[in-house]
Amino acid sequence: MSSGMSHSASDTTVRKTSSSNGRTVAESGVQISNIWKAGDNVSQESKVQIAARALHKKYHKGSNVIPVLRGVDIEIREGEFLAIVGQSGCGKSTLLHLLGTLDRPDEGEIYLADNRIDNLSAGARDRLRNETFGLIFQFYHLLPEFAALGNVLLPLMIRHGLFGYLRQRHAFRERAKDLLDKVQLGHRLKHKPCELSGGEMQRTAIARALVNRPKVLLADEPTGNLDRAAGQEIIGILRNLNTTENLTIVMVTHDENIAQQADRTVRLVEGRIE
Amino acid sequence: MYKLILCWRYLQTRYIALASVISVTLGVATLIVVNSVMSGFTHEMQYRIHGILSDLVFDGHGLEGFSDSRWHMERIRKIVGDDLQAMTPTVHVPAMLNYRVGQRWVHRQVNFIGIDVETYAQVSDCANYLQHFQNRVKPSFQLREGGYDLHDRELGEESPYRHGMEMAGWPHRRRLAADEKAWLAAQKKNAPQLAVPQQVGRADPFSGINTPLRAAESEEGVVQKWGPVSKSQVYDKATQQETGVIIGYALAQVLGHEGDHYFLVLPGDDVKLTFPTAGTPPKAVSGSFTVVDFYQSKMSEYDSAFVFAPIAKLQEMRGMIDPTTGIANVNSIQIKLREGVNLEAVRDKLRAAFPPELYAISTWRDKQGPLLAAVQMETAILNILLFLIIAVAGFGILAIFFMIVVEKTKDIGILKSLGASGSGVMTIFLAYGLLLGSVGSGAGLVLGLLIVRNIDSVRRGVEWVSGQPVFDPSIYYFQQIPTLVDPQMIAWVIAGAMAIAVIASVLPALRAARLHPVEALRYE
């Protein structure tokens, strides 16, 4: 926690640097205007960021049909740090994938700030994943071909075309370096994932998720593969992001201790919100 | 951007894919070598054929030929105009070449050609193919005193030695005459009743006509004009020659056990030629001729068939001269055009002017059409076969790409979860295919050009390893394997190889593009 807090100063620096880079403040203006409302007391008035209605999802295993989600309704407000807990196999990862447009629900609707997103075209969903959502996974999912810095730059490379990227590459590199500094990996820019520890890899993954200034951070068991200390460090960073930048965070976990550190916890049992 | 970086990284780290590209490399290299050698051969062959044949051949049908070559030549000159460079009339007739080896007569079927030696040299490079250095400068039907090539002129000292050529010419003829005389003397002594001197006292066979060809070098090297000789004058083989003929090298040459060349007939020997007269029905006439030189164009088809003689002699012996007017028939007119003139256009102009039922007009390419077409077809088939090899390499790329896609399933899932589109992921693998293709064909290009450049060292290496001669210069007559690198051919080969590499990567790339991100991420 403390480690995350100590970096709040540099957060603001990043923000200033980036806005002077020609990117409009309005893009992340919601978070800034709500910055003091963040924390445990998310007011009921703050806008609903993501809403899901009656989500159903089945998986087909050969001839067997396994229903995973059976009518999930969920609302996530702006600046909220929500933890979704449940037994393994209860469908919490599936729910997160649906929210993050990685998958489509069989039934039901998903809204992002009143805009339906589950029925968008593949290209639009790709853009949403790139620009609006930041994703963090249990197994970090870094590309082994890239060093830490390259992994963080990846969403920017995907977002911008070849020439667009090359034109702004210095600014992008600065941003990626700042983010890695923020997760205390400033000294490991050139290290490949195989040369990093689990905690370092997950922090790199967080930096990568943040590099495009997402509106929502979706974390799938971010501590599931880490020891207590490293896990706590990750939660600290997330907590700090939520507090200082009013970033909406949805975290899936099976660990009650971890879940307790979120603003709100919902429990998923057999494909339904309890 | 990530696409470029990723496929560059894949290229650097996936050596197995590079292995699959080796077959592309080899295919491209072989294609370049084969095409270069084939077009080298074709080029060399065309060059040689063209050296023998004139640009255009104006043929009259049949053996009798057409009358009055001068009138025809004037007409051709008028039609062709400024494009014309030289013309010469020729007489062609199938003939039998007879010469004696030991006690036996050897008969060879030949193409007997009467030429006007001065003008014929202007329309074709035939003089270059003669074996006496003076004849190459100024061809002649006079027997030379000596100085015939002892080795192939182009191949030099390493080529097989030509046994007997050091004596060829007048020395050989003098020795023959001396032997004959000694033999006759011996015959006279041992069996006086059988001593019928065959050659002694024979009349000059061409006393009827007076041509400038009829001169011979005497023993002292002084050129004597024969002129009409009285019947009483004794024909002396040691100082006199029959009408000269130049015969194809392969008609006379045989191989010794070490690959050296031996000769059944040498310059200085007399041969007999039998050929049909021009009348109806044709009758066979025979004449004695003296071999004065060999003709070696290195096109075995010509070297084993051509016999050249003075046109006037042939016309006279065949009865082609009109006794009332003195105008002689010819079989064809050889036409040489200026450099760069479109042969086909001139040919068509001539064809329009002369009735086709009387004259056949063809370019040298028409004459050798089947041979050139055969070489072309061979090249085409080889190209198809070798492209099939590259296509096989394409399947190798396909298999390895599928492996890489499976191996990289998780990474593809990661890219998609970060917002990479399906087409973006597809581009990675297509670009990877293109990159592999260009690496493969680039290496193939370098390898192929290196082989083409050092083809003779490669040949020697192969011969050393296999212990078998791969390329025998005495068969192909080339000291070095001829090569000709055609940039357009190389461009096609490279483009083809790259296209195959890209096409092979389409399926794996599609598969990668269609991977479901969640399933890809779950993949272990």
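How many helices and strands does the secondary structure of chain A come to? Eleven helices and ten strands, in what is a predicted model.

**View 1. Chain A as a whole.** Here's the overall picture before we zoom in. Of the 274 residues in chain A, 48% are buried. Look at the contacts in chain A with a separation of 6 or more, and 76% of them come from residues 24 or more positions apart.

**View 2. Helices α9 and α10 of chain A, side by side.** The crossing of α9(A) past α10(A) is right-handed. On the α9(A) side, G198(A), G199(A), Q202(A), R203(A) and I206(A) do the meeting; their partners in α10(A) are A230(A), E233(A), I234(A) and I237(A).

**View 3. Helix α2 of chain B, end to end.** Helix α2(B) covers residues 15-52, which is 38 residues. At 1.5 Å a residue it should span 56 Å, and its end C-alpha atoms sit 55 Å apart, so the two values agree. Check out V21(B) while you're here: a kink of about 25 degrees in α2(B) is centred on it.

**View 4. T239 in a loop of chain B.** T239(B) is found between β5 (223-225) and β6 (243-248) of chain B, in the loop that links them. T239(B) counts as partly exposed because it has 16 C-beta neighbours inside 10 Å.

Conventions:
Residues are numbered from 1 along each chain as its sequence is written. Chains are lettered from A and ligands numbered from 1 in the order in which they are written. This is a predicted model: local features need pLDDT of at least 70, side-chain atom pairs count only at pLDDT 80 or more; totals for chains, interfaces and linings use all residues. Helices (H or I, at least four residues) and strands (E, at least two) are DSSP runs, numbered from the N terminus. A residue is buried if 20 or more other C-beta atoms lie within 10 Å of its own, exposed if 12 or fewer, and partly exposed in between; C-beta atoms are placed from the backbone. Two residues are in contact if their C-beta atoms, placed from the backbone, lie within 7 Å. The expected span of a helix is 1.5 Å times one less than its number of residues. The bend at a residue is the angle between axes fitted to the seven residues ending there and the seven starting there. A crossing is left-handed if the near helix is turned anticlockwise from the far one by less than a right angle, and right-handed if clockwise.
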